[in-house]
Amino acid sequence: YKPFTLLPHKPNYLLPVTHHFSDSRDSVAKEGSFLDNTEVSFQVSLKFPVINDILGTEMDILAAYTGRSFWQAYNSDLSAPFRDTNHEPEIFLNQPINEKIGKLYWRDIQYGFSHQSNGRTVPISRSWNRVYANFLFSYKNFAWSFKPWYRIREDNKENSDDVLGDDNPDIEHYLGHFELQSTYKWHDHTLSAMVRNNLRSDNKGAFRLNWSFPLTPKIKGYVYYFNGYGETLVDYNNETHSLGVGFLLSDWL
């Protein structure tokens, strides 16, 4: 990594049209008003090398930030509020592996800490802290990442109105214990899929499918599909089903 450089981390995109096919989202609406099923969503995700080549090795420490926003831009009844914005700062160690396992190439492993929150107050405050390992593999035009995590526990609240304590003690039940990402590059097109699961008998989790394709030399078209739990923190325990169309500035590959 080049020092003092901001780099893309996760995809950076703008979806002027994101349609939700279910009404199970938590409402920020005033009495007598309702959320629009169609809104604007976007993500900004950047990383920054903090320390390169630790102690003469190829290991690097990086800091990252990802922000995702869901904006009721077409909802004039509610004065077009932001329904939710999720902030995720991270710091992680990237260790190159560069080993072959059969035909599979094991590129890197990352060890990190992540804080994710929506910056709201009770009763719709959501946050959690995790430590994770992220295993990165590739084969020809395919790339995979397997990211298990462990949630750092917080004290329980004595009542739901307390400012201190765990805002969402059951979040792992819905967002699971790992994330599996697969990406395929076909000419100028990129297809990616993500799966999360709680590994329980009730089998809650999420599935996301993305397709990007060239529009201009620097901008791609982007199609986003999501089904499951945890698309936003404010309604992590509500199942959502959404489809978005828009523009991509940086991709996984």
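In the predicted model, the side chains of Arg 200 and Asp 202 form a salt bridge in which the closest N and O atoms lie 3.9 Å apart. Asp 202 also meets the side chain of Lys 204 in a salt bridge, with an N to O distance of 3.7 Å. Arg 200 is partly exposed, at a relative accessible area of 47%, and Asp 202 is likewise classed as partly exposed, at 33%. Lys 204 has a relative accessible area of 18% and is therefore counted as buried, the limit for that class being under 20%.

The count of salt bridges comes to 13. One of them joins Arg 120 to Asp 84, at 3.5 Å from N to O. This pair links distant parts of the chain, 36 residues apart: Arg 120 belongs to the loop between β6 (104-117) and β7, and Asp 84 to strand β5. Arg 120 is partly exposed, with a relative accessible area of 27%, whereas Asp 84 is buried, at 0%. A network of salt bridges links Lys 10, Glu 88 and Arg 130.

Two or more lining residues come from each of β4 (60-71), β5 (82-101), β7 (127-139), β8 (142-152), β11 (205-214) and β12 (220-228). By class, the lining holds 10 nonpolar, seven polar and nine charged residues.

Leu 6 lies in the segment before β1 (7-8) and is exposed, with a relative accessible area of 59%.

How values were computed: Residues are numbered from 1 along each chain as its sequence is written. This is a predicted model: local features need pLDDT of at least 70, side-chain atom pairs count only at pLDDT 80 or more; totals for chains, interfaces and linings use all residues. Side-chain values use heavy atoms; hydrogens and water are left out. Helices (H or I, at least four residues) and strands (E, at least two) are DSSP runs, numbered from the N terminus. Buried means under 20% relative accessible area, exposed over 50%, partly exposed in between (1.4 Å probe, protein chains only). Ala, Val, Leu, Ile, Met, Phe, Trp, Tyr, Cys and Pro count as nonpolar, Asp, Glu, Lys and Arg as charged, and the others, Gly among them, as polar. A salt bridge is a side-chain nitrogen of Lys or Arg within 4 Å of a carboxyl oxygen of Asp or Glu.
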